[in-house]
Amino acid sequence: MNKSKTVPVYQLLVEYLKKGFSVLDTDIQQEIITFVRSQQNQNGGFNDRAGNPDLYYSLFGLWLSLATGQNESLSKLKKYCSGIELPGQGPVEQMALILTKAALEPKTKRRSVFSLLRMLNQQGKNISLWYRFFLFALLVDALGKNKTFYYFLARIYLIFFHPKPDFPCSLVAAFTYARKMMGLPLQKSHKLVMNYYVKSGGFKAFDTTSNSDMLSTAVALFVLKEIAADLRLIRPATLGFVQNNYFEGAFLSGDGDETKDLEYTFYGLLALGSLVNNEK
């Protein structure tokens, strides 16, 4: 049985991170561990780009700590999250907190899909709607109650849904993964994702842009690997793109921004994990 059908998607993401981490030499592994640890605040949360503890960045800190075996960091994060209540948090922060607790506390209660859906329309952190839906989908997959009916509706929607030309690569890839989960044909969706590939390596965010970025590359590769696409032709150049955007314990965004953070380090390891051990 396909492992992605038997474990929550967020756990599958962590497995990919572990694969990516495992192919690095020990010096680089230690650099990454040192960087991840340096991003954890004294109160246990992980810092955003401004150096402040943040639930959204703590989610990436969680996944990276799980992938690199940082049990002490996980204990600190668990204590930090235990002191935070959902009321008063924005939608992204709420979903990130629930996902973090789900990973750290196995007995986290399941929630109705409707209660999770209500979080999407709340005001909060300025993050794109598609990313909110990404977090929402991870929550429904991991903790949603009575998912069968909602998956039935999602399947009907996806049958008639056609991505628009101005959709970002990450969104097209997300819909492709959703089609895989619903057992729908993938040939056209596969081609749509590949339209974002850049010959010099990696995937670009939009059809109108020319350069690759780490977010688009990681998401596209993960989905392509999960739908059993043949990555042999794009592997060398894309691996080069990922390697060229590693810097002192972190992966960079790939679009010229040299700021190091946990989110893009997550994407870098996800991309590596998607490129290694491809049977095709």
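Start by selecting Phe 266: leaving aside residues up to four places away in sequence, it touches Leu 13, Leu 17, Phe 60, Trp 63 and Leu 64, where a contact means heavy atoms within 4.5 Å. You're looking at a predicted model, so local features need pLDDT of at least 70 and side-chain atom pairs count only at pLDDT 80 or more, while totals for chains, interfaces and linings use all residues. Residues are numbered from 1 along each chain as its sequence is written, and side-chain values use heavy atoms, with hydrogens and water left out.

Together with Phe 266, they touch the most other members of the largest nonpolar core, which has 89 residues. Such a core is a set of buried Ala, Val, Leu, Ile, Met, Phe, Trp, Tyr and Cys residues joined through side-chain atoms within 4.5 Å; buried means under 20% relative accessible area, exposed over 50%, and partly exposed in between (1.4 Å probe, protein chains only).

Next, the rings. Tyr 56, Tyr 57, Phe 60, Trp 63, Tyr 264, Phe 266 and Tyr 267 are linked into a cluster by ring pairs. Rings of Phe, Tyr and Trp (its six-membered ring) pair if their centres lie within 6.5 Å; planes under 30 degrees apart are stacked, over 60 edge-to-face, the rest tilted. The whole structure holds 15 aromatic pairs. One of them joins Phe 161 and Phe 167, stacked at 6.1 Å centre to centre with 20 degrees between the planes. Both Phe 161 and Phe 167 are buried.

Ala 228 is partly exposed, at 47% relative accessible area.
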